[in-house]
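Let's take a walk through this fold together, from its sheet to its core. Have the model open beside you as you read.

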Amino acid sequence: MRVNVGSDVSKDSLDFCLLLNQTKSGRKFRCFKNREVDYSAIHDWVLKLAGCQPSEIVITMESTGVYHEAIALYLHSAGFQIIISNPGKAKKYSQSLN
């Protein structure tokens, strides 16, 4: 079972959306502070809701200067699959869909 997680990273906060399925009830949201002391809470929250191993969880986040680097390294070290997306390409893709 593969679980997808999206993350919006800013200087002060980390917003996570965990997709268990494609329905509204299958989406779980949570906001954390972007501090190292909160990274273990993110790890525990994702694993609790996903109900699977970190290697089965894909976390996608935008490249946001340096603000995404620490959390991406932490989660990757914990065994999660991390995808860093280019915000410019994501914007162009959404524009192509109108």
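## The sheet

Five strands make up an open sheet in the order β3-β2-β1-β4-β5, with mixed pairing. Strands here are DSSP E runs of at least two residues, helices are H or I runs of at least four, and both are numbered from the N terminus. Two strands count as paired if DSSP finds at least two bridges between them. At the edges stand β3 and β5 (81–85), each with a single partner strand, so one side of each has no neighbour in the sheet. From one strand to the next, the twist averages 20°.

Strands β2 and β3 run antiparallel and are joined by seven bridges. Within this pairing, Leu 18 has Lys 28 of β3 as its bridge partner.

## About the model

This is a predicted model, in which local features need pLDDT of at least 70 and side-chain atom pairs count only at pLDDT 80 or more, while totals for chains, interfaces and linings use all residues. Residues are numbered from 1 along each chain as its sequence is written, and side-chain values use heavy atoms, with hydrogens and water left out.

## Helix α1 on the sheet

Helix α1 lies across β1, β2, β3 and β4, and runs at about 10° to β2. Such angles run from 0 to 180 degrees between N-to-C directions, with axes as lines fitted to C-alpha atoms, for helices over the stretch in contact. The 12 residues of α1 reach 17 Å from first C-alpha to last, close to the 16 Å expected at 1.5 Å a residue; the expected span is 1.5 Å times one less than the number of residues. Just after α1, Gly 51 takes a positive phi of about 65°.

Which residues of α1 are buried? They are Tyr 39, Ile 42, His 43, Trp 45, Val 46 and Ala 50. Buried means under 20% relative accessible area, exposed over 50%, and partly exposed in between, with a 1.4 Å probe and protein chains only. Seen down the axis of α1, the buried residues fall within an arc of 165°, so they line one face of the helix; the arc is taken from the directions from the helix axis to the C-beta atoms. These buried residues of α1 pack against β1, β2, β3 (27–33), β4 and α2, where contact means heavy atoms within 4.5 Å.

## The nonpolar core

The largest nonpolar core has 20 residues, and Phe 16, Ile 42 and Ile 57 have the most contacts inside it. A core of this kind is a set of buried Ala, Val, Leu, Ile, Met, Phe, Trp, Tyr and Cys residues joined through side-chain atoms within 4.5 Å. At least two core residues come from each of β1 (3–9), β2 (13–19), α1 (39–50), β4 (57–62) and α2 (69–77). Helix α1 gives the largest share, five residues.

Ile 42 lies in α1 and is buried, with a relative accessible area of 0%. Beyond its neighbours within four places in sequence, Ile 42 is in contact with Leu 14, Phe 16, Phe 32, Ile 71 and Leu 75.

Ser 7, in strand β1, counts as buried at 9% relative accessibility. Leaving aside neighbours within four places in sequence, Ser 7 is in contact with Asp 15, Phe 16, Thr 60, Met 61 and Glu 62.

Just after α3, Asn 98 takes a positive phi of about 65°.
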